[in-house]
Amino acid sequence: MTVTLGDRAQKVVIGILALQGAFVEHKTALEKLPLARKLEVIFVKTPDDLGRCDALIIPGGESTTIALLARISGVLEPLREFVKSKPVWGTCAGAILLSQVVENAKKGGQELLGGMSITIARNGWGSQVESFEAALDVEGLRNPEDPFTGVFIRAPVVLKLTPSPDDPPIKVIAKLSPNLLPPSLASPGHSEEPKIFVALRQGLHFLTTFHPELTNDNRFHEYFVRECILGSNNK
């Protein structure tokens, strides 16, 4: 499979923000894809690295630390520009950075990249000891009859979908059963049964509140490449 970018056919360069977190695991997953020979996967630590990329993955880790290191390395503002026009996937901490609004931020606040019209809460299920795994039914993946194991580690929780009329629509890719309701959604103020969205797509952007890179199943990586990157010329 060859992707035409601009006026020339070339390998697609996928960057992985490599300032903190599980960036090595994402690279390993991408390199095991059947179409890996059509991809070039690089670690992004500087604006020059980012300038080479056609798409980007922001890994899980600690969102405030990633944002701080991005600012120190001079890549925070280039990231904000990149998000405006290129495919980006955020996992866990990366999902927080892609949101418009974050609740439960650390003292001093949380710098965000934006890109997805959502409100998200840090550590929605609590501390590290509340981490868990859950089987996810995901229609858009290869072999959808096989559940995907979602690994949730101090996972954020999507609180609201807030697209404006001019925004691309938000597509729900995966959600959890209501019996796994996190404390952040269990307040009496919620009159309807909460929907626990754990994978969302909006235009070129994609987020998962869990860690697909920490499994041996790379179907979510395949989805991002197939739908958000290779399919982006048709959007």
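This is a predicted model: local features need pLDDT of at least 70, side-chain atom pairs count only at pLDDT 80 or more; totals for chains, interfaces and linings use all residues.
Residues are numbered from 1 along each chain as its sequence is written, and side-chain values use heavy atoms, with hydrogens and water left out. Local features need pLDDT of at least 70, side-chain atom pairs count only at pLDDT 80 or more, and totals for chains, interfaces and linings use all residues.

**View 1. Arg-71 and its salt bridges with Glu-77 and Glu-111**. A salt bridge here is a side-chain nitrogen of Lys or Arg within 4 Å of a carboxyl oxygen of Asp or Glu, and the structure holds 13 of them. Between Arg-71 and Glu-77, the closest N and O atoms are 3.8 Å apart. Arg-71 has a relative accessible area of 42%, so it is partly exposed, and Glu-77 is partly exposed with 43%. For these labels, buried means under 20% relative accessible area, exposed means over 50%, and partly exposed is in between (1.4 Å probe, protein chains only). Glu-111 also forms a salt bridge with Arg-71, with 2.6 Å between the closest N and O atoms. Because Glu-111 lies in the loop between strand 7 (99-103) and strand 8 (116-121) while Arg-71 lies in helix 3 (residues 63-72), this pair ties together parts that are 40 residues apart in sequence. Helices (H or I, at least four residues) and strands (E, at least two) are DSSP runs, numbered from the N terminus.

**View 2. Glu-111 and its salt bridge with Arg-80**. Glu-111 is partly exposed, with a relative accessible area of 28%. In its salt bridge with Arg-80, the closest N and O atoms are 3.5 Å apart. Arg-80 belongs to helix 4 (residues 76-83) and Glu-111 to the loop between strand 7 and strand 8, so the pair ties together parts that are 31 residues apart in sequence.

**View 3. Helix 6 (residues 219-229), mostly covered**. How many of its 11 residues are buried? The count is nine, and among them are Phe-220, Tyr-223 and Phe-224.

**View 4. Phe-206 and its ring partners in helix 6**. Rings of Phe, Tyr and Trp (its six-membered ring) pair if their centres lie within 6.5 Å; planes under 30 degrees apart count as stacked, over 60 as edge-to-face and the rest as tilted. The structure holds 11 aromatic pairs. One is Phe-206 with Phe-220: their ring centres are 6.1 Å apart and their planes are at 15°, so the pair is stacked. Phe-206 is in strand 14 (residues 205-208) and Phe-220 in helix 6, so this pair ties together parts 14 residues apart in sequence. Phe-206 is buried at 0% relative accessibility, and Phe-220 is buried with a relative accessible area of 0%. Phe-206 also forms a tilted pair with Tyr-223, at 5.1 Å centre to centre and 40° between the planes. Here the parts tied together are 17 residues apart in sequence, because Phe-206 lies in strand 14 and Tyr-223 in helix 6. One aromatic cluster includes Phe-206, Phe-220 and Tyr-223, along with Trp-89 and Phe-132.

**View 5. Lys-27 over the ring of Phe-43**. The charged end of Lys-27 sits 5.9 Å from the ring centre of Phe-43. A charge sits over a ring if NZ of Lys or CZ of Arg is within 6 Å of the ring centre and within 35 degrees of the ring normal.
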